[in-house]
Amino acid sequence: ALLAGSVAFGAFLARRHKGGKDDAPGFTRKQGDNDHAVGGRTVTIRRPAADLYSFWRDFQNLPHFMENVEDVRPHGDHEAWVVKAPGGQTVELHTRVSEEIENRRISWESVEHSDIWTRGHVEFSDAPGERGTRVSLRIEYAPPGGAIGKGIAKLFLREPDVQARHDLKRFKMLMETGEVATSAHTKQAAKNV
């Protein structure tokens with residue numbers, strides 16, 4: 001029943017968002033030029049760009065602050081990611097670094113045997129007023145099931161825009177305080193009570 005309701009809600013969202021053209025530039029668009037989900041966010045972190053870049057570049061660190069990423073491991077000439085999906089499922093992504101500028105930018109794109117096509121980048125730039133580093137994350141992916149899958153991902157808060165916002169907030173906490181604070185309302189916190 002939950003899955004059927006989720007699919008129906010996803011279809012509703014897909015129909016609702018089919019309307020007018022979005023002429024905003026780049027990742028500021030609510031919807032890309034196709035059915036790909038696009039999201040991007042920026043946060044300022046009080047740490048040098050080199051520290052943040054180094055931590056992020058070790059992809060095995062990503063599950064420490066990316067809520068939906070269960071594991072990232074080297075797999076030949078690329079990385080294999082195990083990512084949570086709606087309904088308690090997981091998908092495996094295979095990505096390769098497509099561009100890298102030390103301490104400034106890391107770009108990636110999925111390789112052919114990935115369950116989901118994705119690409120994105122993270123950029124590190126000096127924040128104004130010597131306040132640390134601006135970290136900008138952009139994610140694009142083709143959700144399984146097209147627009148309906150995108151609607152289901154939104155329902156379960158696994159859409160790129162939502163993920164980017166939450167992941168960058170957790171990255172900021174981890175890099176500034178050494179830990180990621182959890183809410184008493186999360187399942188994990190509830191288990192510890």
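Guide: Let's go from the overall layout to single residues. Keep in mind that this is a predicted model.

Visitor: Where do I start? How many helices and strands does the protein have?

Guide: Start by counting the pieces, then read them in order. Here you'll find five helices and seven strands. Following the sequence, the pattern runs α-β-α-β-β-β-β-β-β-α-α-α.

Visitor: And how much of the protein counts as buried?

Guide: Of its 193 residues, 40% count as buried.

Visitor: Let's go inside. How many residues are in the largest nonpolar core?

Guide: That core has 31 residues. The ones with the most contacts inside it are Trp56, Trp81, Val122, Phe124, Val135, Leu137 and Phe171. Helix H4 supplies the largest share of this core, with five residues.

Visitor: Could we pick one of those? Which residues does valine 122 touch?

Guide: Leaving out residues up to four places away in sequence, valine 122 touches Trp56, Arg104, Arg105, Ile106, Trp108, Val135, Ser136 and Leu137.

Visitor: What about glycine 120: is it buried or exposed?

Guide: A residue counts as buried when its relative accessible area is under 20%. Glycine 120 has 6%, so it is buried. This glycine is found in strand E6, residues 118-126. Again leaving out residues up to four places away in sequence, glycine 120 touches Ile106, Ser107, Trp108, Arg138 and Ile139. For a sense of distance, the C-alpha atoms of glycine 120 and serine 110 are 9.4 Å apart, while the two residues are ten places apart along the chain.

Visitor: Now the charged residues. How many salt bridges does the structure hold?

Guide: The general idea is that side chains of opposite charge can pair when their charged atoms come close. This structure holds 13 salt bridges. In one of them, arginine 170 pairs with glutamate 67, with 3.9 Å between the closest N and O atoms. That pair links distant parts of the chain, 103 residues apart: arginine 170 is in helix H4 (residues 160-177), and glutamate 67 is in the loop between helix H2 (49-57) and strand E2 (69-75).

Visitor: How accessible are arginine 170 and glutamate 67?

Guide: Arginine 170 is buried, at 13% relative accessible area, whereas glutamate 67 counts as partly exposed at 47%.

Visitor: Which network of salt bridges includes Arg170?

Guide: Glu67, Asp167 and Arg170 are linked in one. The side chains of arginine 170 and aspartate 167 meet at 2.5 Å, N to O. Both lie in helix H4, three residues apart, which is about one turn of the helix. Arginine 170 and aspartate 167 are both buried.

Visitor: Where do arginine 119 and glutamate 140 lie?

Guide: Their side chains form a salt bridge too, at 3.1 Å from N to O. Arginine 119 lies in strand E6 and glutamate 140 in strand E7 (residues 133-141), so this pair ties together parts 21 residues apart in sequence. Arginine 119 is partly exposed, with 35% relative accessibility, whereas glutamate 140 is buried at 5%.

Methods
Residues numbered from 1 in each chain as written. Predicted model: local features only at pLDDT ≥ 70, side-chain atom pairs only at ≥ 80, totals over all residues. Heavy atoms only, no water. Helix = DSSP H or I, 4+ residues; strand = E, 2+ residues; numbered from the N terminus. Buried < 20%, exposed > 50% of the residue type's maximum accessible area, 1.4 Å probe, protein only. Contact = heavy atoms within 4.5 Å. Salt bridge = Lys/Arg side-chain N within 4 Å of Asp/Glu carboxyl O. Core = buried A, V, L, I, M, F, W, Y, C linked by side-chain atoms within 4.5 Å.
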